[in-house]
Amino acid sequence: MSHSFSISQSVKKPAIKSAGGVVAAQHITAAKIGTEILEQGGDAVDAAVAVSFAMGVLEPWMSGPAGGGAMMIWREEEQKAYALTYGMKSPKSLDPGAFPLSKDGKAADLFPWRAVEGDLNVQGPLSIAVPGTVAGAGKAHSAFGKMPWKDLLQPAIKEAKSGLLVDWYAALIIASATRALSKDPHAAATFLEDGQWPTIAGWTALSEKRIDQSLFAGTLSRLADQGPDDFYSGDIAATMVKDIQDKGGFLSLDDLASYAIEFEDPLTIPYRNSRVFATPTLTAGPTLADTLGQMEKLFTPGSTPSPESFNAYAEALNNAYKRRLTSMGDQDAPHAPSCTTHFSVVDRHGNMVSMTQTLLSLFGSRVVSPNTGLLMNNGIMWFDPEQGHPNSLAPNKRCLMNVCPVIGEQGNQRFAIGASGGRKIMPAVMHLTSFMTDHGMSLEDAFHHPRMDVSGGDVIIADEDLDPEIISALSQKHDVTTTKRTVFPYAFACPAGVSRESGVNSGCTEIMSPWGDAVAEEGVK
């Protein structure tokens with residue numbers, strides 16, 4: 001499959017190491033914003049809040065305030081992990097009858113449900129669910145934040161006022177969704193130029209084109225001044241609801257005002273001589289626990305990943321996904337593009353945050369609230385539109401997410417990892433966890449090691465740079481397709497993680513992510 005790519009090119013992304021805090025994010029500017037918060041005396045949670053809102057500005061097609069997600073938090077002084085899930089929820093007035101099934105075919109986006117006429121559950125105002133990201137950030141901040149909420153949103157406001165820089169990667173992402181964005185006049189006005197993607201200058205020209213995000217900046221400014229409650233019961237809520245209802249959506253003020261979340265006890269997963277803390281219930285955490293539980297019995301750890309270990313990975317993942325798909329109801333397509341963002345934070349004291357947030361599809365519902373500048377989610381697509389199934393569409397119902405943020409520990413090492421990439425997220429988290437705990441890899445080595453994706457499809461997708469003996473062993477038992485690890489599209493999930501060992505922090509992101517990087521706090525020795 002990779003015959004058109006260079007066979008001699010090598011890509012490396014060294015892990016950052018520091019006695020100070022480290023932030024690893026899918027956009028380097030957001031990572032820098034997080035470390036600046038740490039340098040000002042902020043907690044890891046403060047940095048995560050700042051990064052969360054910054055990512056919604058810098059990478060708006062992946063996540064934003066009108067999305068949802070989950071996080072794992074580690075409090076060093078307490079030696080305790082906390083789980084917080086703030087997924088999207090279907091509106092109370094949602095009518096399943098508003099999504100008539102097509103006579104044949106599958107949905108056009110991430111999930112192989114029965115197709116809905118006009119893809120009304122995939123994009124457009126009917127696909128919008130109740131968002132949770134602001135509630136999640138607010139809950140974490142009220143529990144553990146040290147800096148004022150208002151201060152944490154200022155970097156995102158500054159970036160929004162400057163506008164989204166259209167470089168080659170931003171232009172590529174927008175171009176990939178041009179047809180869908182053109183269907184909503186306000187999304188088209190925000191992201192497109194005369195109905196086309198924003199063009200950049202020629203091969204060698206130096207230019208700077210930016211997308212106007214001034215409306216979004218105004219919404220963030222009000223959110224900074226009034227606090228997270230305004231998003232659910234104040235002027236932001238009222239404006240957002242009116243915009244969506246004017247477009248024909250179900251979202252109501254009562255939906256927002258009644259949205260509530262609480263901290264949960266995390267899943268504590270014992271794995272050989274390590275422990276992994278994961279989010280429970282409607283995430284991929286339970287499926288990770290299922291996978292790791294099997295792996296303990298399937299292979300003996302060695303100094304490096306072997307054909308035996310990769311066959312064990314494949315067997316455990318296949319079994320776990322069969323159970324997930326039949327009992328939990330989540331059935332997104334294995335070829336689904338990465339439409340989420342993940343970032344991890346460790347501060348100088350050892351507190352950690354592993355946080356994943358999403359709009360679900362690329363650009364979510366492809367609907368922009370015209371008076372807030374918010375790009376809205378399409379969380380309704382998480383539900384099966386056909387009734388009588390485990391995850392069938394219904395009003396006032398929580399969405400089942402693929403997110404899998406974790407905190408892991410073994411000996412003197414603790415790590416916070418997660419990824420974007422739909423159903424590919426959990427296998428990536430499993431691989432990284434095993435690489436570090438079973439095979440003694442550093443965070444940097446784990447992120448550079450080739451992986452495979454086994455996420456419920458009929459075919460295993462293997463990185464062509466895996467040891468030929470591993471690929472051969474997998475091929476004897478499974479249908480295997482090899483592919484190259486590239487920038488776009490991603491054949492594998494896109495992880496970001498931090499680690500702490502003997503007082504030294506490190507961080508790394510997906511090596512092929514063009515914007516992703518880890519940044520260390522300056523001036524700490």
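1. Let's start at one residue and look around. A419 touches H342, T356, I425, V429, A493, C494 and P495, leaving aside residues up to four places away in sequence. Keep in mind as you read that this is a predicted model. Where does A419 sit? Its place is in strand β14, residues 413-420. Is A419 buried or exposed? With a relative accessibility of 0%, A419 counts as buried, because buried means under 20%.

2. Now step back to the whole chain. How many helices and strands does the protein chain have? There are 16 helices and 20 strands. The radius of gyration is 22 Å, close to the 24 Å that the globule rule gives for 525 residues, so the chain is as compact as a globular protein of that length. Along its principal axes, the C-alpha trace spans about 60 × 60 × 55 Å.

3. Of the contacts with a separation of 6 or more, 71% are between residues 24 or more positions apart. Buried residues make up 61% of the 525 residues. The accessible surface comes to about 19300 Å², and carbon and sulfur atoms account for 50% of it.

4. Next, the backbone. Most residues other than glycine have a negative phi, and most peptide bonds are trans. Which peptide bond is cis here? The bond from F488 to P489 is cis, with omega near -5°. You will find P489 in the loop between β17 (480-483) and β18 (494-501).

5. T281 has a phi of about 50° and lies in the loop between β10 (274-278) and α12 (285-298). T281 counts as partly exposed, at 44% relative accessibility. S502 has a phi near 50°, and its place is in the loop between β18 and β19 (504-509). With a relative accessible area of 63%, S502 is exposed.

6. On to charge. The chain carries 42 positive and 58 negative side chains, and the centres of the two sets lie 1 Å apart. Side chains of opposite charge can pair when their charged atoms come close. How many salt bridges are there? The count comes to 20.

7. Here are some of those pairs to find in the structure. R210 forms a salt bridge with E208, with 3.1 Å between the closest N and O atoms; R210 is partly exposed at 36%, whereas E208 is exposed at 59%. D438 and R272 also meet in a salt bridge, at 2.6 Å from N to O. This pair links distant parts of the chain, 166 residues apart: D438 is in the loop between α14 (425-437) and α15 (443-448), and R272 is in the loop between β9 (267-271) and β10. D438 counts as buried at 7%, while R272 is partly exposed at 27%.

8. R323 and D290 meet in a salt bridge, 2.7 Å from N to O. R323 is in helix α13 (residues 307-327) and D290 in helix α12, 33 residues apart. Both partners are partly exposed, R323 at 41% and D290 at 21%.

Definitions and conventions. Residues are numbered from 1 along each chain as its sequence is written. This is a predicted model: local features need pLDDT of at least 70, side-chain atom pairs count only at pLDDT 80 or more; totals for chains, interfaces and linings use all residues. Side-chain values use heavy atoms; hydrogens and water are left out. Helices (H or I, at least four residues) and strands (E, at least two) are DSSP runs, numbered from the N terminus. The radius of gyration is taken over C-alpha atoms; the globule rule is 2.2 Å times the number of residues to the power 0.38. Buried means under 20% relative accessible area, exposed over 50%, partly exposed in between (1.4 Å probe, protein chains only). Contact means heavy atoms within 4.5 Å. Accessible areas come from the Shrake-Rupley method with a 1.4 Å probe; for residues, only the protein chains shown count as cover. Lys and Arg count as positive and Asp and Glu as negative; His and the chain ends are not counted. The place of a charge is taken as NZ of Lys, CZ of Arg, CG of Asp or CD of Glu. A salt bridge is a side-chain nitrogen of Lys or Arg within 4 Å of a carboxyl oxygen of Asp or Glu.
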